[in-house]
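This report describes selected local features of one protein model, for use alongside the sequence and the coordinates.

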Amino acid sequence: MKIRKSIFAGAGLIAGLFISTIAMAQDEDVNKWVPANIHIDGKANEWPKPLSFYNNDAKVFYVIANDSNNLYVVISAPDAQNQMKIMRAGFTFSVNPTGKKKAVSSVTFPILGEDAPEVVESQNQRNSVEWRRSVLQNAKQISVEGLVGVPDGILPVKNDKNILSAASLDDQGNLICELAIPLSYMGITYGNDKPIAYRFKVNALNRDDRKAKEKEEKERMAAIAAAEKEGKAPPAGAHNGMRNGLNGPGMENLFYPKDFWTRQILATHK
């Protein structure tokens, strides 16, 4: 996958306002039964807001659901850094039907296509919801591994395997990712009443991304220094960068994955 050299620094809705009202998932929670009007469109309009569970380490709200044929996963990422990581490196959802915390099968998405925007004109453009939405329109691929009967590798979002995925930004600027996978691909039989282990992983930016970020930071600092030398105001947006460089508060998280496991039991329609 071609790595994009432009990195947005968009500001999302502050998740902390909601965390106190969201339950932390417990082992052997029961999946939700999927809403009758479900659409995998990256909007998650069928679900209550915020989503059922929140993980503070990965900074995502999420819900796991099923019907008799498919498993459904929805995440909402309000944090700007998490959005950056997901848009550039993807989100990986893994399953182990035995309940052990060891990945057996996984799907990674969104994966940007070759037509994703390379360059942005300004910090303000990077911050805009419109620009981020234009990037997500190029999320045309998914990566699969360990699925029963499906070769490992890259698949188009519109595939013949009935694996559905979509990602978009909602009206509040939250990144929404939705996924539906046939139960049979993960070795899961509907009616199974044993806990199934699920891993949520926000992937890390890689070395090329770090180099691009370092270059961006050097250019930002040079622009500020040049403006100060000439007695001028810094360029618009110059102070919105990594104020303390790549070692600034929280910025190191860009280059480390964040993941967590949860175990839940399949829902049965009642």
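Asp57 and Lys258 form a salt bridge in this predicted model, with their closest N and O atoms 3.7 Å apart. Asp57 belongs to the loop between E3 and E4, whereas Lys258 belongs to strand E13 (residues 258-265), so the pair ties together parts that are 201 residues apart in sequence. Asp57 itself is partly exposed, its relative accessible area being 43%.

In total, the structure holds two salt bridges. The other one brings together the side chains of Asp171 and Arg133, at 3.9 Å from N to O. This pair, too, links distant parts of the chain: Asp171 lies in the loop between E10 and E11, Arg133 lies in helix H4 (residues 129-136), and 38 residues separate them. Asp171 counts as exposed at 73% relative accessibility, while Arg133, at 30%, counts as partly exposed. As a general point, side chains of opposite charge can pair when their charged atoms come close.

How many of the eight residues of strand E5 are buried? Eight of the eight residues (70-77) are, so the strand is largely enclosed by the rest of the structure. In a regular strand the side chains alternate between the two faces of the sheet. In E5 both faces are covered: Asn70, Tyr72, Val74 and Ser76 are buried on one side, and Leu71, Val73, Ile75 and Ala77 are buried on the other. Here, buried means a relative accessible area under 20%.

E5 pairs with strand E4 (residues 60-66) in the antiparallel sense, over six bridges. A hairpin through three residues joins E4 to E5. Within this pairing, Tyr72 of E5 is the bridge partner of Ala65. E5 also runs antiparallel to strand E11 (residues 175-182), to which eight bridges join it. There, Asn70 has Pro182 of E11 as its bridge partner.

**Helix H2**

Helix H2 (residues 80-89) is mostly covered, with eight of its ten residues buried. At the start of the helix, a side-chain oxygen of Asp79 comes to within 3.1 Å of the backbone nitrogen of Gln81. Just after H2, Gly90 adopts a positive phi of about 90°.

**Backbone geometry**

Most residues other than glycine have a negative phi, and most peptide bonds are trans. The table lists sites that depart from this pattern.

| Site | Feature | Value |
|---|---|---|
| Lys49 to Pro50 | cis peptide bond | omega near -10° |
| Phe109 to Pro110 | cis peptide bond | omega about -10° |
| Lys59 | positive phi, not a glycine | phi about 60° |
| Asn162 | positive phi, not a glycine | phi near 60° |

Pro50 lies in the loop between strand E2 (32-33) and strand E3 (53-55). Pro110, by contrast, has its place in strand E7 (residues 105-112).

Where do the residues with a positive phi lie? Lys59 is found in the loop between E3 and E4, and Asn162 is found in the loop between strand E9 (153-156) and strand E10 (164-169). Lys59 is partly exposed, with a relative accessible area of 32%. Asn162 is exposed, with a relative accessible area of 55%.

Terms used:
Residues are numbered from 1 along each chain as its sequence is written. This is a predicted model: local features need pLDDT of at least 70, side-chain atom pairs count only at pLDDT 80 or more; totals for chains, interfaces and linings use all residues. Side-chain values use heavy atoms; hydrogens and water are left out. Buried means under 20% relative accessible area, exposed over 50%, partly exposed in between (1.4 Å probe, protein chains only). Helices (H or I, at least four residues) and strands (E, at least two) are DSSP runs, numbered from the N terminus. Two strands pair if DSSP finds at least two bridges between them. A polar contact is a pair of N or O atoms within 3.5 Å; within protein, one must be able to donate a hydrogen and the other to accept it, and residues adjacent in sequence count only if both atoms are side-chain atoms. A salt bridge is a side-chain nitrogen of Lys or Arg within 4 Å of a carboxyl oxygen of Asp or Glu.
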